[in-house]
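Thanks for coming. I will take a few minutes to walk through one model, going from the terms to the cores, the helices and the charged pairs.

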Amino acid sequence: MGKLVILKLGEGNFEQGFHVTLQIGDENVRPVVEITGELPPEPDIKRYYHQWQSIYRSLNLPGRPIGIPKQTIQTPTIEDCQKAAQELNARFNSWLASESFRRIREKWLEKLLPEDNIRVLLQTQDLWLKKLPWHLWDLLERYPKAEVALSTPGYEQVSRSLPESYSVKVLAILGNSEGIDTKTDRKILEELPLTDTTFLVEPECKDLTNQLWEQNWQILFFAGHSSSQESGDTGKIFINQTESLTISQLKYALKKAVERGLQLAIFNSCDGLGLAREFADLQIPQIIVMREPVPDKVAQEFLKYFLEAMIRGELLYLAVREARERLQGLENKFPCASWLPIICQNPADIPFTWHSLIKTSDIPILEKPVKRVKNLVGLSLMLFISLATTGLVIGVRYLGVLQPLELGAFDLLLRSRPTEKPDSRILVITATEEDVQSQRQEEQRGSWSDKALSEVLEKVLLLQPQAIGIDVYRDYSVSKNYPQLAKRLRESEKIIAVCQVNDSQKAKTGVAPPKEVPLDRLGFSNTLNDTDNIVRRHYLALTPPPSSPCLSSYSLSVQLALRYLYSKGVKLEFTTDGAWQLGKLKINPLEAHAGGYQGINALGHQILLNYRASPTLEDIAPRITLNSVLAGKLNAAAVKDRIVIIGTTAETFPDYWLTPYKDSETHSQEIPGVILQAQMVSQLISAALDGRPLLSTWSIGSETIWIWFWSTIGCVLVYFQRKPTYFLLGVGSCIIFLYASCFVLLVLFSYWVPLVPTVLGLASSAIGVLIFSKSLLNQQNS
């Protein structure tokens, strides 16, 4: 049996001290111990509390108060609030350790054991005593199953009917929600089991009183704005945008609700001590309020934790304590969150448990046909095999065993997609093998001589492009014979040059950038090759090592895309979780375990590369050769306000990359590096401006459910149809439908959904059920 401790603080004040009476006994019986003591005068307690309260209320926390003025002091910090809380706590415990209060403390320690379930009722009329953080009393912290509640000295037991119900009846009032989120409160209540909840969203007073009069309610819940008067005698709730009510204005309706069995009122709103004071006159058994303004997050987390504990079977006081203590995890952002919830108790009533509100006897049981034992065994068998198969497939997949197969299936799905139109916002200028050979008489140190690059840049810049990307390594200075080229590289804000960050894992030393181009106009060209050397990922950013000859943090494609998007009014921003934001487009980086990738190096910021086949990969954008540009064949309309990418397609310069696409039945298609850059640039600007989605993956949890769903289908299919012909036909049809589902999800929503693991799960489950069901059938026939 639990213990009931009543701590009566009688007449007095902080200037004169308080007379204290301690009563200890078992629940629902008269106390067996009563002893008196004194709390000495301590006027500084109020000053310390007011100091903490002023700082707390001045913090810029998104809360649920209306009518509580912010202090006009300089904006404090969370650290200031925590320091004030520590000072108040220290002063408060020092006061409770006074010599005149020792008799109370010693008798408590004598009569109560740490393992006891203890309800502590603090009976007082003094508002300041009610506000103090009694849960921080060092004596109380020795008892893990104790919780404090407030109570008034005057009370009575109301004769009430306790209606029997097969579910808990909850009336939830979602009041004025201006500036706060009450939808989360609603969602928490909607998910409660064995609960019949009626929601009143910003109701009028008449609608609220009618509900209180006409039905039997066991729990009353309010979320919204509320406040209390400074005296703490009254409070008000804001039920909609224009109306506020005090408890006295609902007096008769609430009295009727109490007589009909109302057990608990929860005010998940701010500054509720005034509300609790008025409710005490109505003799409601229990009320839970917040002492001070409460942030949205704190209110919602408390409600969730409290209801979880109650449904689990915890006593009401222990459920409040558990929920309150779990709020400590939020105190780095919301200081003193665990101070806020407090129970207000009518001493004449004993707290209920959640299950005591539900009628458990004589529950009508629907007549069910008696099923054969083999069907029950079969269903259990199917569930076991589907879960076991799913777990095995997920485990094997996580180890990377299936990665080559999954990447191959992913490539097949990509190649099956319909073709798209070329991206006319990009122009590619290439140096072909013929162009390279025509430069041999010039001083040449790469695929583009200084002379050729200088002439092309001069022609292109005159036609006003948005950005020019030079996808040609130039780790050397411009020849003195071409000062205009050096000047353009140094001064033109539209020119982005390329370099390569070193990679110690691949023993690549990197390539330095052109000496004339500053760091802010450099982009790295590093690519992410899978184990089969196919490029399926797009590098957006990385952190170069200090020893790297290339120190650019952004890729060439990102540098070009950002400049183009900026001209369209789209800027790169970062969300609170570190993701990239380009307008409405949010870019989440790949993780080490994403889709078919298992344990990859996910350093830097990388995403899946959504190739555009138009109808081939090399048709991504309009192209023109170097010699054609020099011959004056460059179309002005193809350059103005476009992105121009300069590179080489000459085979003597091995800048070719394997792709998921095929140029024959067995060989992957190779594309030049300059075309790969065009694909990457097009991916970014198309996603940000056209809404062309980026490829993404599901969470591990969603993928697990997907694989388990199809494994279950395999089990059900085989269990009810074991003939070999129908079995093979059914499994084959499921695999075809599965492939079609993955294809549709990729084409319409750009989701890379597990195909190979799901096929394995489906087939393995089907075979497993086939084997075990035959064994079971043989046993039953024997």
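Let me start with a term: buried means under 20% relative accessible area, exposed means over 50%, and partly exposed is in between, with a 1.4 Å probe and protein chains only. This is a predicted model, where local features need pLDDT of at least 70 and side-chain atom pairs count only at pLDDT 80 or more, while totals for chains, interfaces and linings use all residues. Residues are numbered from 1 along each chain as its sequence is written, and side-chain values use heavy atoms, with hydrogens and water left out. Helices (H or I, at least four residues) and strands (E, at least two) are DSSP runs, numbered from the N terminus.

First, helix α14, residues 450-462. Its 13 residues reach 18 Å from the first C-alpha to the last, close to the 18 Å expected at 1.5 Å a residue; that expected span is 1.5 Å times one less than the number of residues. Which residues of α14 are buried? They are Asp-450, Ala-452, Leu-453, Ser-454, Val-456, Leu-457 and Val-460. These pack against, among others, β15 (426-431), β16 (467-470) and α15 (483-491), where contact means heavy atoms within 4.5 Å. Just after the helix, Gln-464 takes a positive phi of about 60 degrees.

Helix α10, residues 316-326, is mostly covered, with eight of its 11 residues buried. The elements it packs against through those buried residues include α9, β4 (118-123) and β14 (341-345). In the loop between α10 and β14 sits Cys-336, which has a positive phi of about 60 degrees although it is not a glycine. Cys-336 is buried, at 5% relative accessible area. Asp-641, in the loop between α17 and β28, also has a positive phi of about 60 degrees without being a glycine, but Asp-641 is partly exposed at 33%.

Now the cores. A nonpolar core is a set of buried Ala, Val, Leu, Ile, Met, Phe, Trp, Tyr and Cys residues joined through side-chain atoms within 4.5 Å. The largest has 122 residues, and those with the most contacts inside it include Trp-52, Trp-95 and Phe-279. Helix α9, residues 296-311, gives the most to this core, with nine residues. A second, separate core of 78 residues includes Leu-556, Tyr-661, Cys-715 and Leu-762.

Next, charges. A salt bridge is a side-chain nitrogen of Lys or Arg within 4 Å of a carboxyl oxygen of Asp or Glu, and by this rule the count comes to 34. Arg-57 lies in helix α1 (44-58) and Asp-271 in the loop between β12 and α8 (273-280), so the pair ties together parts that are 214 residues apart in sequence. Both Arg-57 and Asp-271 are buried.

In α10, Glu-325 and Arg-321 lie four residues apart, about one turn, and their side chains meet at 2.8 Å, N to O. Arg-321 is buried at 9%, whereas Glu-325 is partly exposed at 39%. In α9, Glu-301 and Lys-304 are three residues apart, about one helical turn, with a salt bridge at 3.5 Å, N to O. Finally, Asp-411, Asp-530, Asp-532, Arg-536 and Arg-537 are linked in a network of salt bridges.
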